[in-house]
Amino acid sequence: MKQGKQHTWQTAFMKSIPILCSYLFVGMAYGMTMENAGFHWYYSLLISITVYTGAFQFVLITLLSSGASILTIALTALLMNSRQSFYALTFLDEFKRMGKKKLYMIHTMTDETYAVNCSLDEKESDRHGVMFGVAILSKSYWVIAAVIGGMLGQLIPFDLTGIDFCMTALFVIIFVDQWEQASSHVLAIVGVITSVVCLLIVGAQYFLLPSLILASGILIIWNRRQEAA
Amino acid sequence: MRTEYILVAVAVSAVITFGLRAFPFALFGGSRKMPETIVKLGKVLPATIMAVLIVYCVKDSLDNVIGTGIPKLIAVLTVAGSYKWKHNTFVSIAVGTLMYMVLLRIF
């Protein structure tokens, strides 16, 4: 039992290393930006624990600094984070079977943890344990980095610009994996085309949601066609 | 700045973010059976979402093609190529990230 637990945490840690690189760097950048905008580390701590979503937390700094209305803040949160509704679709059944941990798993679902969960082996002996471990570790990296960034951001001697690329690298690797396993490359190609089209039409800030809605529509039709064939 | 305003803003943001993440569970939760269409959609989404996220990660480079675009393109190709060759996640991430950091400083 004890050894099993240790294996679970080891696996979770190994799987979370790309998230560690990304969250430490981006989280510290967040803490520093907050500090520069006049929000001390305890605000970074509070927001990172309760909201926990990378890109929107940065936008929230600007919104708070400019004294934006609560309605504006609510709408921005709605627009920027609605993509994460789609992530739940892949793990609906699995999270339901995780009992009390379900709510925590839902709360900690980010772009990055979704990607790592997708890359887990179906045959992994303690799959749910590893998912939970990745969730806890990832959130800790983010929260700790944000606080450190706020407290001693200016003291870091090296220039780490670019280290957050490790997350892009992980997305690329999972993409290659899925490409190799897939019997058809339609899924991946649909993703590339819809997102590029939406990026060109809607612009960089809000293209994620339209891309996902459009891609889901195409995939539903594609699934039906497959059945009919 | 009023602390009260910040706290309300944070609470609203937290509730909305959690709500969005939980929304499909509320919709298809409980003992109700999920529609077959949604089950199938959930299974095929990861491949598509990875593609969308990669586009998301490289989109900012469109504003600065030479400074960050070319380094990012080379690094992405390095990751894909080295992974197809050796299938070692850590080696590919490390090599790709180092390459990106070095190229950023050259270009």
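This passage looks at how chain B and chain A meet, then at two residues of chain A.

The model is a predicted one. Start with the contact between the two chains: 87 residues of chain A take part in it, along with 64 residues of chain B. Put together, the two chains bury about 6,600 Å² between them, and carbon and sulfur atoms account for 78% of that. On the chain B side, the residues that lose the most area to chain A are B:Arg21, B:Phe25 and B:Met50, and together these make up 12% of what that side buries.

Polar links cross the interface as well. Between chain B and chain A there are 16 residue pairs in polar contact, with both residues at pLDDT 80 or more. Four helices of chain B, namely α1 (3-28), α2 (36-58), α3 (65-86) and α4 (89-106), each put at least two residues into the side that touches chain A. Of the elements on that side, α1(B) gives the most, with 20 residues. Sorted by class, the side of chain B that touches chain A comes out at 44 nonpolar, 13 polar and seven charged residues. As for salt bridges, two turn up across the interface of chain B and chain A. In a salt bridge between B:Lys40 and A:Glu227, the side chains come to 2.4 Å, N to O.

Turning to chain A itself, A:His7 sits in helix α1, which covers residues 2-36. Once the neighbours within four places in sequence are set aside, A:His7 is in contact with A:Glu124 and A:Ser125. A:Asp126 is 119 residues away from A:His7 in sequence, yet the C-alpha to C-alpha separation of the two is 8.9 Å.

Helix α1 of chain A is also the place of A:Ser22. Is A:Ser22 buried or exposed? With a relative accessibility of 5%, A:Ser22 is buried, because the cut-off for that class is under 20%. Leaving out the neighbours within four places in sequence, the contacts of A:Ser22 are with A:Gly27, A:Asp164, A:Cys166 and A:Met167.

Notes
Residues are numbered from 1 along each chain as its sequence is written. Chains are lettered from A and ligands numbered from 1 in the order in which they are written. This is a predicted model: local features need pLDDT of at least 70, side-chain atom pairs count only at pLDDT 80 or more; totals for chains, interfaces and linings use all residues. Side-chain values use heavy atoms; hydrogens and water are left out. Contact means heavy atoms within 4.5 Å. Buried area is the accessible area (1.4 Å probe) that two parts lose on being put together, summed over both. A salt bridge is a side-chain nitrogen of Lys or Arg within 4 Å of a carboxyl oxygen of Asp or Glu. A polar contact is a pair of N or O atoms within 3.5 Å; within protein, one must be able to donate a hydrogen and the other to accept it, and residues adjacent in sequence count only if both atoms are side-chain atoms. Ala, Val, Leu, Ile, Met, Phe, Trp, Tyr, Cys and Pro count as nonpolar, Asp, Glu, Lys and Arg as charged, and the others, Gly among them, as polar. Buried means under 20% relative accessible area, exposed over 50%, partly exposed in between (1.4 Å probe, protein chains only).
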